Amino acid sequence: MKDTYSARTRTFLLFVICALLLTTLFPTYSAATQEPHPTQETQATQEPLPTREQQTMQRMRAALLTNTQNTPSLQLRSEGDPMYDFSPEQRRSIPQRPRPVATTVAPAPTGPFVALTFDDGPSPHTERLLDALAARNVPATFYVLGSQVNRHPHIAARIAAEGHELGNHTQNHRDLSRQSVATIRNELTLAQNTIFNTTGQRPATLRPPYGALNRTVRTIAGEMGYPIILWSIDTRDWERRNVQAILSHMFDRNGRPTVRCGDIILMHDVYPTTIDAAIITVDRLLAAGYTFVTVSELFELRRIEPVPGQVYHHARR
Ligand SMILES: [Zn+2]
């Protein structure tokens, strides 16, 4: 009996010593648990905002998921694009992150992919276009001029902030095919720096003014890492400032779209008629099941890697 009792006492004492030792050795543990929790506000500011790339990926994933789950886009499937050959398991394995607040206006539409591009801005008319695009959750690509970015820096910054893509359309809109090597380089570099310094976005592609090209321009674009993006649909909106005339390049007489998957549409966000026509185009193509993407997204979705110095009119296969 006595032995058992002293054994219990020994165990108890041992336990007390261990407990004391632990509190002496790790005094910070209790202190750390008493540390006040960061307020909601600090947590919110520490939360990283979704980057443009993340937004892009979310849009692409959402488009892909909707596209593979619904099947109105049989045209795409029949093209044998490996992108549409996801098994249900693979589809489920694509991580779905919550969409950022700025892009939750409308659900991701389904259908053929198309890129709207706007040259020569930003202009005072660009803001009305941005409002309309934001309301419809539609991204576009703006081939801006460095000189115009300097004139309207807040609009250029807004373009980038709202998830659109900025492309290089040179600093001063000169016909590059008639310029010296030094001038071509200067026109591209100046615009690139102006765009980056104003918006934080480095333009990924080049659209030369007037689509004017020669071997020198292509070589310099290649050296500077720029794929050259032209267009497959020229709305000629600068020539005929008439909404119906602009729409006739994208819709037949019955209002049915003639736009194909992978098309790149050229417009200029410097005319009020263009903005009107662009909004109607977006609404009609959305209603017809098209998905608007930026130029870079278009090539990515079509599994085409644009090569610097090469010329592309579309991302069709
Ligand atoms: Zn232009």
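Tutor: Let's start with a definition: two residues are in contact if their C-beta atoms, placed from the backbone, lie within 7 Å. Keep in mind that this is a predicted model.

Student: Thanks! Which elements do the buried residues of α9 pack against?

Tutor: Begin with the residues themselves: Ile155, Ala156 and Ile159 are buried in α9. They cover an arc of only 100° around the axis, which puts them on the same side of α9. The elements that these buried residues pack against are α7 (126–136), β2, α8, β3 and α10.

Student: Which glycine comes just after α9, and what is its phi?

Tutor: Look just past the end of helix α9. The residue there is glycine 163, and its phi is positive, at about 85°.

Student: Now for α10. How far apart are its end C-alpha atoms?

Tutor: Helix α10 has 19 residues, running over residues 181–199. At 1.5 Å a residue it should span 27 Å. The model agrees with that expectation, because the separation of the end C-alpha atoms is 27 Å.

Student: How wide is the arc that holds the buried residues of α10?

Tutor: The buried residues of α10 include Ile184, Glu187, Leu188, Ala191 and Ile195. Seen down the axis, the buried residues of α10 line one face of the helix, because they fall within an arc of 165°.

Student: Which exposed residues does α10 carry on the face turned away from its buried side?

Tutor: First picture the buried side of α10, which packs against β2 (141–144), α8 (146–151), α9 (153–161), β3 (165–168) and α11 (215–223). Turn to the face pointing away from that side, and the exposed residues there are Val181, Ala182 and Asn197.

Student: Is phenylalanine 196 buried, partly exposed or exposed?

Tutor: Phenylalanine 196 lies in helix α10. Count the other C-beta atoms within 10 Å of its own, and you get 15. A residue needs 20 or more to be buried and 12 or fewer to be exposed. Phenylalanine 196 therefore counts as partly exposed.

Student: Which residues does phenylalanine 196 contact, leaving aside its neighbours within four places in sequence?

Tutor: Glycine 146 is 50 residues away along the chain, and its C-alpha atom is 10.0 Å from that of phenylalanine 196. With the neighbours within four places set aside, the contacts of phenylalanine 196 are Gln201 and Arg202.

Definitions and conventions:
Residues numbered from 1 in each chain as written. Predicted model: local features only at pLDDT ≥ 70, side-chain atom pairs only at ≥ 80, totals over all residues. Helix = DSSP H or I, 4+ residues; strand = E, 2+ residues; numbered from the N terminus. Expected span 1.5 Å × (residues − 1). Arc of directions from axis to C-beta.
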